[in-house]
Amino acid sequence: MKIFSRVKKLASKLYHSFERFPISLSFAILVTITVIAMNHSYYDNYDYYSRMAMTLALGIPLSLSAYLYFEKKTGIRKNVQILIHLLLMLVLALYYFLLLNNLGMVETTRYTAYSLSLYLLFSFIPYLPKKERYELYVIRLFNRFVITYLYSIILYLGIAAILGTINLLFNTNISGTFFFDMAIVVAGVFAPAFFLADIPRQGEEILVQSYPKVLGVLLQYIILPLLSIYTIILYVYFAKILIIMELPQGIIGNLVLWYSIISAIILFFIYPLTNGNQWVKSFIRFFPKIIIPLLAMMFVAMGVRINAYGVTESRYFVLLVGLWVTGVMVYYAFKTNVNNIIITMSLAIIGVLAVTGPWNAYSVSQRSQNNRLEKILLAYGMIDQNSQI
């Protein structure tokens, strides 16, 4: 009987999830159908299905952000909400026809930036007016995501075991394509519905006591010591560079950038533990100041590469993320009461600006490489001063 009651409870949760976010989960279902169609297309119209699935997938965080905004602003009439959702669908249609007409590097990086920014918007839009305990809300979402991931894997393995057993016992020849279809259904329908079932509602208070104990122990006693050791290693390595006065080719940027991004995420996650925990409080107080010189060394190395080879899209993104991480560390280093929602808001804005407007990565890198080519041609007398390329 307990099994049936739990299944009933799960079904109820999934139902309430569809009831609360119907358009968002409809987008998820449409993405699932599109990917299944792509799985059976055998590379016919593969580009069309991919672009359609990507556009529909953007509708999930976009509509979720709208729903959470409506819950916060309770006075918005139902017909106005419907109109806003229709406008969002129009925006998606324009995006599909104007900005996603193929799957080149520009389109895919722009899509990644927009997608990241929209999911960040989904994370902070319920907390824009009050801002307190925002970190706990994000940790709640992260914890829910991990649980959803585990449940989805277990569910798929169960389905795959059933299908495999049927194949073995009854010789039904269920194809591998169908197995993949089931994986898509679990990931595209069950997982989003299960994840959204426990999204905190407006006004629901999240207490510090709800901080996951496993995550707290992992961060305090494993991640923070490892991060401290890695920092010491980087300082020793950079001391070696200063002694021999030779920069390695392209390794410093990757070393420091990923290390600093992970550090910023960890600082965000451990911030709720500062009250009553001297180890965490001291780490947050001193670590951002320690990492700033390492970031400075990264910018020196990047400046050498840009001076030699110009700006490319990848260098543009690395430089922009490096500037953002530096801003985060300076903020943590010199701000007494940190407001972490500013960090995610700034990243969402930077994500949009990096791929939109005349200052975007593609325009800047194109101008830089054109100027570099022009200087080379001038240096070798292949063009005169009045020529343009």
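This dialogue walks through how to read several features of the structure shown above.

Reader: What kind of model is this, and how are its residues numbered?

Author: This is a predicted model, in which local features need pLDDT of at least 70, side-chain atom pairs count only at pLDDT 80 or more, and totals for chains, interfaces and linings use all residues. Residues are numbered from 1 along each chain as its sequence is written, and side-chain values use heavy atoms, with hydrogens and water left out.

Reader: How many helices and how many strands does the chain have?

Author: Helices (H or I, at least four residues) and strands (E, at least two) are DSSP runs, numbered from the N terminus. By that reading the chain has 13 helices and zero strands, and its C-alpha atoms fill a box of roughly 80 × 60 × 55 Å, taken along the principal axes.

Reader: What share of the residues counts as buried?

Author: The word buried means under 20% relative accessible area, exposed means over 50%, and partly exposed lies in between, with a 1.4 Å probe and protein chains only. Of the 389 residues of the chain, 40% count as buried. For the accessible surface, which comes from the Shrake-Rupley method with a 1.4 Å probe, where for residues only the protein chains shown count as cover, the chain comes to about 22300 Å², and 69% of this belongs to carbon and sulfur atoms.

Reader: Is L136 buried or exposed, and which residues does it touch?

Author: L136, which is found in helix α6, is buried because its relative accessible area is 4%. A contact means heavy atoms within 4.5 Å, and, leaving aside neighbours within four places in sequence, L136 is in contact with I206, L207, V208, Y211 and P272.

Reader: What share of the contacts in the chain joins residues at least 24 apart?

Author: Among contacts between residues at least 6 apart in sequence, 74% join residues at least 24 apart. Taking L347 in helix α12 (residues 341–353) as a case, its touching partners are L120 and W324, not counting residues up to four places away in sequence. The C-alpha atoms of L347 and L116 are 9.0 Å apart in space, although 231 residues separate the two in sequence. L347 counts as partly exposed because its relative accessible area is 23%.

Reader: Where does Y309 lie, and which residues does it touch?

Author: Y309 lies in helix α10, which covers residues 278–309, and counts as partly exposed because its relative accessibility is 38%. Not counting residues up to four places away in sequence, Y309 touches R315, Q369 and R372, while the C-alpha atoms of Y309 and V355, 46 residues apart along the chain, are separated by 21 Å.

Reader: How many cavities does the structure hold, and which residues lie nearest the centre of the largest cavity?

Author: Rolling a probe the size of a water molecule over the atoms shows where empty space is left. On a 1 Å grid over the protein atoms alone, a cavity is a set of points where a 1.4 Å probe fits but cannot get out, and lining residues have an atom within 4 Å of a point. Grid points are joined across faces, edges and corners, and a volume is the space filled by probe spheres set on the points. The structure holds two cavities of 30 Å³ or more, and the largest cavity has a volume of about 100 Å³. That largest cavity is lined by 13 residues, of which P126, Y127, P200, R201 and Q202 lie nearest its centre.

Technical notes: 1 Å grid on protein atoms, 1.4 Å probe; cavity = no way out; pocket = protein on both sides within 12 Å on 5 of 7 lines; lining within 4 Å.
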